Amino acid sequence: MTRKTFIDKLMHERDRFELTLNRVGYTRRMTLKGVSGKWSIKDILAHILAYELYIADRMNEILHGESYIPCKTQTALDAFLDQFGYPDFGSSLLDDDAPNEWVIQKYKSVSLEDVVAQEIQAFSSIVSMLEKIPEKALTEHNLLDRVANNTYHHYREHLRDIRHWLKTQSVNNKNR
């Protein structure tokens with residue numbers, strides 16, 4: 001897939017994601033629990049933000065010729081978390097749930113507005129770096145697949161939950 005085709009696909013998937021979020025509205029509904037398990041839409045956005053920050057930082061390292069090696073010890077995981085402010089999602093030491101719970105706790109007291117602003121900034125950084133990284137580096141680092149996994153594959157996964165929740169909300173409102 002070419003860079004342009006990938007960016008077009010990424011932007012299309014992003015539009016779908018944002019259109020669904022717009023259906024929720026920028027209201028307290030974004031903080032209601034139970035959208036995806038016990039998560040709210042704000043929690044989902046914080047989760048997506050952490051993964052987007054992760055891939056944006058890996059892209060920045062590639063752009064600057066730096067290497068990333070996934071953490072192999074708990075000490076390294078702790079140091080990574082302190083340095084970057086999110087878990088090393090590439091480490092095989094992480095289980096499926098612990099990093100997500102950590103992210104939710106980290107952003108629990110952060111305002112919805114700040115989570116949204118940070119997530120938009122992280123996404124913008126990804127797009128900007130996609131335009132700057134040399135074509136050869138995109139291929140060598142399997143970067144398009146990695147970006148897809150940390151952006152629009154995540155959007156699709158959570159869109160199903162949000163759409164289902166919206167339908168449930170609509171049915172509940174009609175029954176009142």
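Rings of Phe, Tyr and Trp (its six-membered ring) pair if their centres lie within 6.5 Å; planes under 30 degrees apart are stacked, over 60 edge-to-face, and the rest tilted. This is a predicted model, in which local features need pLDDT of at least 70, side-chain atom pairs count only at pLDDT 80 or more, and totals for chains, interfaces and linings use all residues. Residues are numbered from 1 along each chain as its sequence is written, and side-chain values use heavy atoms, without hydrogens and water.

**View A. An aromatic cluster.** Ring pairs join Tyr-51, Tyr-54, Tyr-68, Phe-80, Phe-84, Tyr-86 and Phe-89 into a cluster.

**View B. Phe-6 and Tyr-152.** The whole structure holds eleven aromatic pairs. One of them, Phe-6 with Tyr-152, is tilted: 5.9 Å centre to centre, 45° between the planes. Phe-6 belongs to helix α1 and Tyr-152 to helix α8, so the pair ties together parts 146 residues apart in sequence. Helices here are DSSP runs (H or I, at least four residues), numbered from the N terminus. Phe-6 and Tyr-152 are both buried, meaning under 20% relative accessible area (1.4 Å probe, protein chains only).

**View C. Phe-80 and Tyr-86.** Their ring centres are 5.8 Å apart and their planes lie at 75°, so the pair is edge-to-face. Both Phe-80 and Tyr-86 are buried.

**View D. Charges over rings.** A charge sits over a ring if NZ of Lys or CZ of Arg is within 6 Å of the ring centre and within 35 degrees of the ring normal. The charged end of Arg-14 sits over the ring of Phe-123, 4.3 Å from its centre. For Arg-58 over Phe-84, the distance to the ring centre is 4.8 Å.

Note on methods
Helices (H or I, at least four residues) and strands (E, at least two) are DSSP runs, numbered from the N terminus. Buried means under 20% relative accessible area, exposed over 50%, partly exposed in between (1.4 Å probe, protein chains only).
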